[in-house]
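Dear colleague,

I am handing over the structure we spoke about, with the sequence alongside. Please look through it first, and then read my notes below.

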Amino acid sequence: MRLETISLENFRQFYGEQEFTLSTDEERNVTLIHAENGVGKTALLNALLWCFHGRMTARTEFKERIICDQAREEGAEHASVTVSFEHKDKDYDVKRRIDHSGEMTLKAWDIADGNGNVMPYPQPLVDAVIPDEMANHFFFDGEHAEYFSSQDNTEHVKKAIEHMLGCHKANHAKDNLKAIAETKEREIAEINANDDKTKKDQKKINDLKEQRKKLSEEIAGLKGQLKVEEDKQKSIEQELKDIDKVRVIQEKRERLEKDLKDKKKERSHKEREEIAWISDYSIALLSQRAMEECETVTKKAEDDGKLPSDIAEFFVKEILKRGVCICGRPFEPGSDEEKAIRELLVNAATKTMNDRWLRIKLRSGELKEKRSSAQSAYDKIAGAMILLDSDIDEIERGIKACGKKIRGLSHKEITKKEDELRKTKDRIKSTFKQLGRLEQKCADVEKDIAFANQSLAKKKGKGRDDRAYVMACAWVALIEAACARLNTELTTYREESRHTIIQDINAILDETARREYEASLDESFRLSMFRKDTGAPVGKSGGEKQLLSLAFMAALVKFSADRHDNTDTFLKPGTVAPLFLDSPFGNLDPSYRKATATFLPQMAQQVVILVSSSQGDEDVLGALKGRIGAQYALIVENKGEQGDKPDDILILPDGKRIKTTLYGCERNMTRIEKIR
């Protein structure tokens, strides 16, 4: 989608009919709107959101007061917003209108050859252009960007990614399936109201599901604890490295810990090789006695000339059928000649028998060869494991020696930090163990639920309800399978998107961040920032939080654009839409503002930026120079006198001065003025 014009009629602060045209130039893709706080920046952002989806941003106050107060005083009974845009090489107008009673209407026109054709169903067009769940991430309130980069950001980040993935219909399908399953489970309970055995089985399934829910909650909680402890470990390790006396020892310990992690990974790989060895060689080793006996039998048969048989059954039968001997002399049925030929069938072998004998002989040779190589293959694996165990022991001793050296420095603060680090590592180790046990337990419960559902589905009700019972059980089992499939698919999509988005975030941080920072987006969707050189977590300032949030938003918008041709069954396609940013520079210092202003035009094919004079300073405007295709100022008109109030003056880079607050005017209102 590419925005062309936005027309307001008595919307919020904007009295009467006002319109502004956005830049559609590919190079100068920024439309810049200057406005002081409280004069209508957020109202412009809300105009788009309201026009398309009939709602406003969460922090908007007095959402119901849509008709301009001044216009209402003068008798106006309605307000409207009309957006003209191009989508897939077609032009459209969409208009939302509200009257004094609060009744809203939405209309859309397909503009062909300058003529407007009314579209009977406007909402599907809007949903196709920019789905409701994605809209908040294109019409973005920069002053409240920090919640993506706060400590408790996981739910916000996860939902934002799901919105851009278009998971809504998949999640909606899951909710509907669960509702159907609950209905069917009630039917089963009613059908078997007098069947104590079935009631017990159903109760068992319900108890297992409740157990699964509690286990999932415990796992999520432990993962959160683990992340906190791991961040704490990195922080303490960095603090130790910052102490001159400890730096060298701590750096050595970190190298050893990395080596230990690699060696344990290798050890784990060898353990898998050992399991594979058992699978590969077990038949050959365990079948040795049976194969030896088989070889004895087949050898005797070979010595006796029975295997392979030199007489083929089909050959003898063909002679009998023709009634002619191989020498060319005919013979009669029942004759002595025929009897002599027929006796050959006793020792004749079928093709199947000969083929089977050949396969046995071949398989016997293969197993014999495997037995001879089994020991050397195992010795190779076992030898590697012995060496790895030796390396692991040596590294662990080195790590303990480093800790002992640090504690022996006779410095109270160092000893305290080292003890704290040791306790933190112990907690991490313990949490990993708990997590492993819980995840295994959860997997076992999943299996128990599936088995119980299958078992219940096989049992039948009584009398006329028999068919209904079986069908209801089948529905429940089918829905469980469908929900499991949906969960698997969604998890896969979220993981793929997580890796893609974090790469784009880090590309932006490389260009803009003052220090060598690197972001991470872990499995629980916690968005964090670390120092590249040390891996220590960054205690983010307000500006760094906003920078990280903007980088996240930029990555989301790009991610959506890359998915706009997606035809996946489960997900909505992405969308290419303008990015409407309200106050994106709020908490940034001058250096970050300049860097952010440089990358904002790259975030989308069309960008609208609303800034106050304090945010749109000389550095920002300088960075945007060459990218601004249209520029406006919001002018406030007041009926009251100025008195001692200071002038609000917008000063542009070319020296042009614009007074943005006027007094002694006819009305209280905000108007849009184009800067030429």
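Among contacts in the protein chain between residues at least 6 apart in sequence, what percentage join residues at least 24 apart? The share is 71%, and please keep in mind that this value, like the others here, comes from a predicted model.

Taking the chain as a whole, there are 17 helices and 17 strands in it, and of its 676 residues, 43% are buried. The accessible surface of the protein chain comes to about 37,500 Å², and carbon and sulfur atoms account for 50% of that surface.

K417 has a relative accessible area of 15%, and because buried means under 20%, K417 counts as buried. If residues up to four places away in sequence are set aside, K417 touches I236, E239, L240 and I243.

I also turned to the cysteines. A disulfide is a covalent bond between the sulfur atoms of two cysteines. When the whole structure was searched for disulfides, zero were found.

Definitions and conventions. Residues are numbered from 1 along each chain as its sequence is written. This is a predicted model: local features need pLDDT of at least 70, side-chain atom pairs count only at pLDDT 80 or more; totals for chains, interfaces and linings use all residues. Side-chain values use heavy atoms; hydrogens and water are left out. Buried means under 20% relative accessible area, exposed over 50%, partly exposed in between (1.4 Å probe, protein chains only). Contact means heavy atoms within 4.5 Å. Helices (H or I, at least four residues) and strands (E, at least two) are DSSP runs, numbered from the N terminus. Accessible areas come from the Shrake-Rupley method with a 1.4 Å probe; for residues, only the protein chains shown count as cover. A disulfide is a pair of cysteine sulfur atoms within 2.5 Å.
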